[in-house]
Amino acid sequence: MQTKRAKHIVDILLGAGLLLLMSYQVAGEAGHEWTGVAMTVLMIVHQILNRRWITALFKGKYTPLRIVQTFINAVLVVCFLLTALCGINMSVHAVPFLSDFMRASLGRRLHLALSHWCFVLMGLHLGLHIPAMLKGVKSQALRRIGFSLSILAAGAGLWLFLQNSYPDYLFFRVPFAFIDYDKPILLVLLEAVLIAFFWAFVGAQLPGLLNRRADKSSRLVFLAGILLAAVLGMGLAMAFPPESRDIWNESAAPWNAADREETAGQSPEETPVPGESTAVPAAEVKEASVDDGFVHIAGGSFLMGSPETENWRIEDETRHEVTLSGFYMSPFEVTQEEYERLMGENPSNFRGENLPVENVSWLDAVRFCNVKSADAGLDPAYAIDGETVTWNRAAGGYRLPTEAEWEYACRAGTVTPFNTIHAAGPEEANYYGHYPYEIEENYFHDEVLETRPGRYRQTTVEVSSFDPNPWGLYNMHGNVNEWCWDLYGSYDLAGTVDPTGAETGTRRVYRGGGWNDFGKNLRSAYRAAGELDMISFNLGIRLVRSAGNALSGTVTTSSESKKPRSGGKMLIAYFSWSGNTRGIAEEIRRQTGADIFEIVPVPAYSDDYNTVLMEAQRDQHDKARPAIADPLPVLDDYDVILLGYPNWWASIPMPIATFLESYDFSGKTILPFCSHGGGRFGQSLTAIAQLAPGAVIAPGLSVHYSGGSGLPGDIRTWLESQGVQINSKE
Ligand SMILES: Cc1cc2nc3c(=O)[nH]c(=O)nc-3n(C[C@H](O)[C@H](O)[C@H](O)COP(=O)(O)O)c2cc1C
């Protein structure tokens, strides 16, 4: 009897401990670890007290209920022990001397998934005991009321289970715990209790359901209980889907005619201002002459670029004061609906009329500007002759923002890395939310970050999503990058009034980061660049119009038509850490017979995955240029360089930077190929553009890890599309 009571006490303590563990923000990191240690001890005590259950295993008759009970208990014990083991691996407070025996990222994923399984199984386990505990309640009325209330609570629990993305955790779909530190602690605990209650409710129906001696109608009642709770939970989940309430701001949608009228001539005072932003409002707002809902951005001066103290800044962000005339800017990225209506086609990868158009080249973007101007009866801003485009600055038609206009509008008066108070989080912008700003150096202890890892949506979202910046512009950070007018080059520190970009070059600037970019590449000052015919499902358009007659003259830019010279002699140069890029490079050599050179850094990177993660981010952060073991090949003989590398922290590994900086690539073509773990090229193409300014960068090939059995075909298709000669025996 005493053992039974002790067991119940231990059970309750385990349940309470698990609630505390699942509500991470209640106890914090140290509290979480010590609770885990206490739970492990309790679990061992539980097993000792429960030794009769263990010795009776596989003995006696197995009824359906006993099979289910045994299964749940056994899986719970295994899950619990594995969760504890992974927890020990991550420990920095309780048992740090026992930690680090398994790959940290693997340990973290396992810990996350298994701990959620423990929570579900513990709920079921406790639920299985409930019918026995309720035997003393004789009043039928009381039982009915209790049952009905339980259905409501369980329904709410199921909804919260879905709301809090439990299925994502259970099925290994998230690498980090996404913790809402702003949620009141009591609410966090209440939610955890309700979620556990849902599973306990399901567990409590099982004895009745599986009891073969029970009559059909009472079994139906148990089944109906579960079904009703499920319908209620799913209904709530459909009415209040996870995160949707914050993200989808339907009322501001540009496709809503009534709202469009409201947005026209919108003043900054009317636009929502996030929190205590450091932003200052635009000084003055004039009524737009065209009823297109564009926001007037008053002219002024600002500091363009980033201060040298800004973490993860790139050298090309030289800070300098710029003065701009006023202009009108669309609050939204161009939607697919509008693009298709005007251009008769929709090139986008992700489909949805209110999603931003993507997969548009810079040339497509300027053509679109002119078509939209014609549609609105405005003077076209551009004269387009092949790849030579002349911007008539006096024209009132639609155009791309200059890079300076874009950054001025994005900053909206802020001088911080992002236009939000802290770095934009995944609930404020659509980007590769697993990797918020400064995750690189805090990968193993992301709890120190103000902006925590969060959702990676792997798609664009509607253009009115999230709060706008202080000047009423939506998605200046994230969703899709946005093409600017400027040719990419060093900033002209002398011409700082209404600057229009570099005078020569082939690449166009694009800004803001997209759904597939890391936090550091969403910074207001970050500059990305691509060839004018490059397309990407991470890159779209936002339009502006000049205001008044402030601008005059024309700017003509030609791409200097540097088409890839793929007929010449080819060199494959690659760096590979774990062999995937090497495999791709060797397949390319097999198909082309090109010369090959492996870029081997000295000293070599560590063989240990966790260590190389740190070494790689340190090198990238410090802009290191590791030495290369073998003498570099003479590049004079080669016209085309097939450059291979793994995606490291959304960019190139630094030995590639050493290689690129060792040559003048003028007149040469680089065909990049990149092995990745899901991030495709990341921002590696921009990094190459910065380091090899003279080269033409042709469309590259991104390969998921080793590329699998489709690799030879993918390589052949890519090479052929670039006009590369394939061996005749292929
Ligand atoms: C240090 C390091 C950083 C990485 N960063 C990324 C990343 O940001 N995005 C991504 O998709 N994959 C990333 N990966 C995965 C590699 O790109 C992927 O495993 C690739 O296939 C490795 O190529 P390799 O075998 O030639 O070294 C990273 C791997 C390492 C070791």
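What follows is a short talk about a predicted model.

Trainee: Why is Phe466 called buried?
Mentor: Phe466 has 24 C-beta neighbours inside 10 Å. The cut-off for buried is 20 or more, so Phe466 counts as buried. Phe466 lies in the loop between helix H14 (403-411) and S8, and its phi is near 70°, a positive value in a residue other than glycine.

Trainee: And what makes Lys623 exposed?
Mentor: Lys623 has 10 other C-beta atoms within 10 Å. Exposed means 12 or fewer, so Lys623 is exposed. Lys623 sits in the loop between H16 and strand S17 (627-628), and also has a positive phi, near 55°.

Trainee: How do you know that strand S8 and strand S9 pair?
Mentor: Count the bridges: 3 of them join strand S8 (residues 481-487) to strand S9 (residues 507-511). A pair needs at least two bridges, so S8 and S9 pair, and they run antiparallel. Within this pairing, Trp483 stands opposite Tyr510 in S9.

Trainee: What makes S10 and S11 edge strands?
Mentor: The open sheet has 4 strands in the order S10-S9-S8-S11, with mixed pairing. Strand S10 (528-531) and strand S11 (539-540) each have a single partner strand, so one side of each is left without a neighbour in the sheet.

Trainee: How do you know that strand S5 pairs with S6?
Mentor: Strand S5 (residues 382-385) and S6 share 4 bridges. With at least two needed, they pair, in the antiparallel sense. They form a hairpin with 2 residues between them, and Asp385 has Thr388 in S6 as its bridge partner.

Technical notes: Residues numbered from 1 in each chain as written. Predicted model: local features only at pLDDT ≥ 70, side-chain atom pairs only at ≥ 80, totals over all residues.
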